[in-house]
Every structure is written in structure tokens, then in C-alpha cells.
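This briefing concerns the fold, the surface and the aromatic contacts of one protein. The sequence and structure are shown first.

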Amino acid sequence: MKFPGKKTIAKGSVSFVIALIAVFTLTRTIEAQSTEPTAPTTTTENSEIQTPPQNTEADVAAPKKDSDIGLIKLFVTGGWSMWPLLLASIVGFGVIFERLYFFFTAKLIRKGYNQDLADAIEAGGLKSVEEFLKANEGQRITDVLKNGMEVSQNDPEIFASGIEREAGEVITLLEKGLTVLAAVSTIAPLVGFLGTVSGMINAFDAIANADQVNAKVVAGGIKEALITTAAGLIVAIPAMTFYQYLQGRVGFFTSEVEEAANKIYKEYLKLKAGRNA
């Protein structure tokens, strides 16, 4: 018996690599232009020697500029795309914490469950299976197998249909929220990439409006582009990681239910063959 499962694949886009290459290439070009050596100035013997101005008390007391590094400063510099990324991060981490709490508190299946079930079947057949399920009540896999046996009427096909229905309900509960998590891991890099494009547009607009191009002219746009790209990846990477982990937990439970149901299904087939003999 095979149980249908939901598989959502969230993959990153190669366009981010191309965008990053373009950004760093533009940055290197601008830095090279800004660091070109200027023509040296010559002085004549008759020119007066100018002495550098002495530091005044005002210059000494001038406060140092604060560092530009800070979460709030980076958030503001990132522009409008940081707001949807913030919302996506709140939704994504909310789903992650809720699902982790559910999986660590829900009793799905204990270790060695199927091996003990196989030993019970070998010892006494279907009658031992019923005793085994009573001894392991409170676990989700036990509820699935028990409900399937109750509606089976000792018919293997009816048992299979009952197991598929019961397992489908539990799997739907286990996959709750994973679609949202997959969407966050897919949409967040796209929003970051859109912010990257916006920052590059601002950088080229500054180049078009400037008489002379230097690093300071385009620094704001490039900084915005890099910040939004990094923010999108920061949101997407944890979402993708936990999505894969939680999807693996769902797949493990599904395979364990399938293995246990197949063991009982074979016993029903033996019972049916004995009645028809």
C-alpha cells in the first residue's frame, strides 16, 4: 500500500548568482575609476611655502562620526523591500516554532514500534496485534492501525482503504503550515532580488545625474542592493532548512505507517486464503 503525500519543492534561483556577479563587477569598476592617480602638481622656487593650519580647539573637540553598522540603519538603508521581508520572517519563524513544538510534543511513533509489531504478529497473528495496539495506545500510528482494523471486517481490501483514509487525515495534520514555510523560502529571495534591482536602478540613476562618477555617487544604491539580497537569503535559508527537516519527519512517519499496515495486510490475506480453502 502506498500513501499519497504532499511534496513541495522550493528551489533558489540562479539569477541571484548573476545579480551578485554584476553588482561586484560594477563595484570594482567604480572603485578603479575613483582611485585613478591624479596629475602631480609642481611648485616653483618662488612660490611661497604654505604651512598647514594648526589644529584648533574646535577641531580637537569635533565628535567622531557614529558607525553606520546597525540593524536599524541597515533596515532603513535597505529600502521598501525590507518591510515584506520582515513580514515574511515573522510568518516563517512563527510556523517553524509552532511545528517544532507540535512534533516534539505529539506522540507519533516510538522507537522499535514496527519490530515489536512484527514479533507480536509472529507470536499470535491478528489476535496478538489487537493486544499489541491496546498496549501502545496514545500514539498516532496506533490510532491509524486500530481504526483501520475496526472497519476492515476481516477483509484486506477494506482494511487497506481504511488505513489510507486514516493515514491521510494524520498526514494532513502533520503537514499543516509546511506550505506556508515553502512559500516563504521561495518568495523571500525573490523579494530580495527585486530590492537588488531597485538598488541598482538607483545607482545607475545617480551615475546618470552626476557630472563626475566616483564611489560615493553610487555607494547608496549598491549598498541597498546588497542589503536586500542578504536579507532575502537570511529569511529564506532557515525557512528552507526547517521545511526540509519537517518534511523529513512527515515522510518518516508515513513510511512507518506503511510498513506496519503492510504487515497486518498480509495477515488479512492469509486469513482470507484460509477461509477460501
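A residue counts as buried under 20% relative accessible area, as exposed over 50% and as partly exposed in between, with a 1.4 Å probe and protein chains only. The model is predicted: local features need pLDDT of at least 70 and side-chain atom pairs pLDDT 80 or more, whereas totals for chains, interfaces and linings use all residues. Residues are numbered from 1 along each chain as its sequence is written, and side-chain values use heavy atoms, without hydrogens and water.

**Fold and surface**
- The protein has 9 helices and 0 strands, taken as DSSP runs numbered from the N terminus (helices: H or I, at least four residues; strands: E, at least two).
- Of its 277 residues, 36% count as buried.
- The accessible surface of the protein is about 17,700 Å², and carbon and sulfur atoms hold 60% of this, by the Shrake-Rupley method with a 1.4 Å probe.

**Aromatic pairs**
- Rings of Phe, Tyr and Trp (its six-membered ring) pair if their centres lie within 6.5 Å; planes under 30 degrees apart are stacked, over 60 edge-to-face and the rest tilted.
- The count by this rule is 4 aromatic pairs.
- F93 and F97 form a tilted pair, 6.3 Å centre to centre with 35° between the planes.
- These two residues, F93 and F97, lie 4 residues apart in helix α4 (residues 82–105), about one helical turn.
- F93 is partly exposed at 34% relative accessibility, and F97 is exposed at 56%.
- The F102 and F103 rings have centres 5.6 Å apart and planes at 85°, so this pair is edge-to-face.
- Both F102 and F103 are buried.
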